[in-house]
Amino acid sequence: MGETIEARLQRLEDIESLRQLKAKYTWLLDHKRWDEWAGCFSPDFTFETGGNKLPLETFVSVVSNNLQPLVTSHQLHQFKVEITSATTATGVWWLRDHLVHPGNGSEFRGRAYYHEKYLKEAGEWKISASVLEYVNSEGRILTPGPDHGLAIGLTM
């Protein structure tokens, strides 16, 4: 027998809640609202890209420190979400991002996939794991710091 109408409705509501979470994630990221942005993640969140794996606190620190001086635009397209239980889900999101350093005009454009896991805590969905896989990119952000922008690669 198929899913009940109530189960189907709950699945659709959960998918919409996850869409709203990712919209909130990019909005807060691009508007540099770091404390609110950190609230998108579960306490045990991990971020991984290019062989680097970061826990929540380190990830938020690296991203906020590196992106604060930049003008950024993160756009998400063509998502797919699977609700795996009442409190867990997975998702894949297509990302297009554009970062510009207003001080020197350097810029970065990328196309990537977010592969994510989600956890529903106290009735609210949170991102519990994120793997960012870049398909291609153009350019590089140059910063005055000791690594000349290389740390920004951890955030992408």
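User: In this predicted model, how many positive and negative charges does the protein have, and how far apart are their mean positions?

Analyst: The protein has 16 positive and 20 negative charges, and their mean positions are 4 Å apart.

User: What makes up the secondary structure of the protein?

Analyst: The protein contains three helices and six strands, in the order α-α-β-β-α-β-β-β-β along the sequence.

User: Why is the protein called as compact as a globular protein of its length?

Analyst: The globule rule gives 15 Å for 156 residues, and the radius of gyration of the protein is 17 Å, close to that value, so the protein is as compact as a globular protein of that length. Along the principal axes, its C-alpha atoms fill a box of roughly 60 × 30 × 25 Å.

User: What share of the residues is called buried?

Analyst: Buried means under 20% relative accessible area, and 40% of the 156 residues are buried.

User: Which residues have the most contacts inside the largest nonpolar core?

Analyst: They are Tyr25, Trp37, Phe41, Phe59 and Tyr118, in a core of 32 residues. The helix α1 (5–30) is among the elements that give two or more residues to this core, and α1 supplies the largest share, six residues.

User: How do you know that Tyr25 is in contact with Trp37?

Analyst: Contact means heavy atoms within 4.5 Å. Neighbours within four places in sequence left aside, Tyr25 is in contact with Trp37, Cys40, Phe41, Phe59, Tyr114 and Ile127.

Technical notes. Residues numbered from 1 in each chain as written. Predicted model: local features only at pLDDT ≥ 70, side-chain atom pairs only at ≥ 80, totals over all residues. Heavy atoms only, no water. Helix = DSSP H or I, 4+ residues; strand = E, 2+ residues; numbered from the N terminus. Rg over C-alpha atoms; globule rule 2.2 N^0.38 Å. Buried < 20%, exposed > 50% of the residue type's maximum accessible area, 1.4 Å probe, protein only. Lys, Arg positive; Asp, Glu negative; His and termini not counted. Charge placed at Lys NZ, Arg CZ, Asp CG, Glu CD. Core = buried A, V, L, I, M, F, W, Y, C linked by side-chain atoms within 4.5 Å.
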